[in-house]
Amino acid sequence: MVTRLDTDVGRILALLKELNLDDKTLVMLAGDNGSSFPPNSPIGKRFDQAANGLRGFKRELYEGGLRNAGLARWPGVVPAGRVSDEPWAFWDFLPTCAELTGAKIPDTARIDGLSLVPFLKGGPAPKREYFYWELHEGPTLQAVRWGDWKAVRHGPSKPIEIYDLKTDAAESKNLASEKPDLVAKAGSLMKS
């Protein structure tokens, strides 16, 4: 899939160059979610999907199921070679496109995203109070991230786990017993 992706993106970039649009076109590429198979499953082991050191996989709310790389190319606008660990989410794509095209998002539209235009131009990622995820494939799974803190809950009556992503991106040490104030904050955010 990586080879195919590389080939297909190369074809898009070649066509943009042929049309003399390559220097004035923003090209963004991002993943959808983490790996598809549990790392200990036969397929997960075969492809070493846990090699990135992150816990979790598709349809889980640990970083291995949520965190993805994103790439942006826009010559003269996006700083060449810039690498950033600042978080953003795919729901930021709509307001980004709206800002770039001058489209007005209707006042009645309720969107969660924030424009990435200043970030793409070299500034910081948009600041928000928190990120929130919820899945309903079995018990309701919830996760919330604010700053470097992340909380995960595997069902409405299950305990909240707390992780410090700055020091533990693999979410290997649940700090909930040491951080009751953060458990309370996470619970409040999840409830809202």
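**Exercise 1. Work out how exposed Arg59 is, and what Arg59 pairs with.**

Arg59 has 45% relative accessibility, so Arg59 counts as partly exposed. Here's the scale: buried means under 20% relative accessible area, exposed means over 50%, and partly exposed is in between (1.4 Å probe, protein chains only). A quick note before going on: this is a predicted model, where local features need pLDDT of at least 70, side-chain atom pairs count only at pLDDT 80 or more, and totals for chains, interfaces and linings use all residues. Residues are numbered from 1 along each chain as its sequence is written, and side-chain values use heavy atoms, with hydrogens and water left out.

Next, the partner. Arg59 forms a salt bridge with Glu137, and their closest N and O atoms are 2.9 Å apart. (A salt bridge is a side-chain nitrogen of Lys or Arg within 4 Å of a carboxyl oxygen of Asp or Glu.) This pair links distant parts of the chain, 78 residues apart: Arg59 sits in the loop between α2 (42–47) and α3 (63–66), and Glu137 in the loop between β3 (131–135) and β4 (141–146). Those labels are DSSP runs numbered from the N terminus: helices are H or I with at least four residues, strands are E with at least two. Finally, Glu137 is exposed, because its relative accessible area is 52%.

**Exercise 2. Are Glu63 and Lys150 buried or exposed, and what do their side chains form?**

Start with the contact: the two side chains meet in a salt bridge, 2.8 Å from N to O. Glu63 lies in helix α3 and Lys150 in strand β5 (residues 149–153), so the pair ties together parts that are 87 residues apart in sequence. Now the cover: Glu63 and Lys150 are both buried. Salt bridges with shared partners also join Glu63, Arg67, Lys150 and Glu171 into one network.

Searching the whole structure turns up eleven salt bridges.

**Exercise 3. Place Pro87 in the chain and list what Pro87 touches.**

First, find the spot: Pro87 is in the loop between β2 (70–73) and α4 (93–101). Third, look for contacts (heavy atoms within 4.5 Å): leaving out residues up to four places away in sequence, Pro87 touches Ala125, Phe131 and Arg145. Last, compare with Pro75: Pro87 and Pro75 are twelve residues apart in sequence and 22 Å apart in space, C-alpha to C-alpha.
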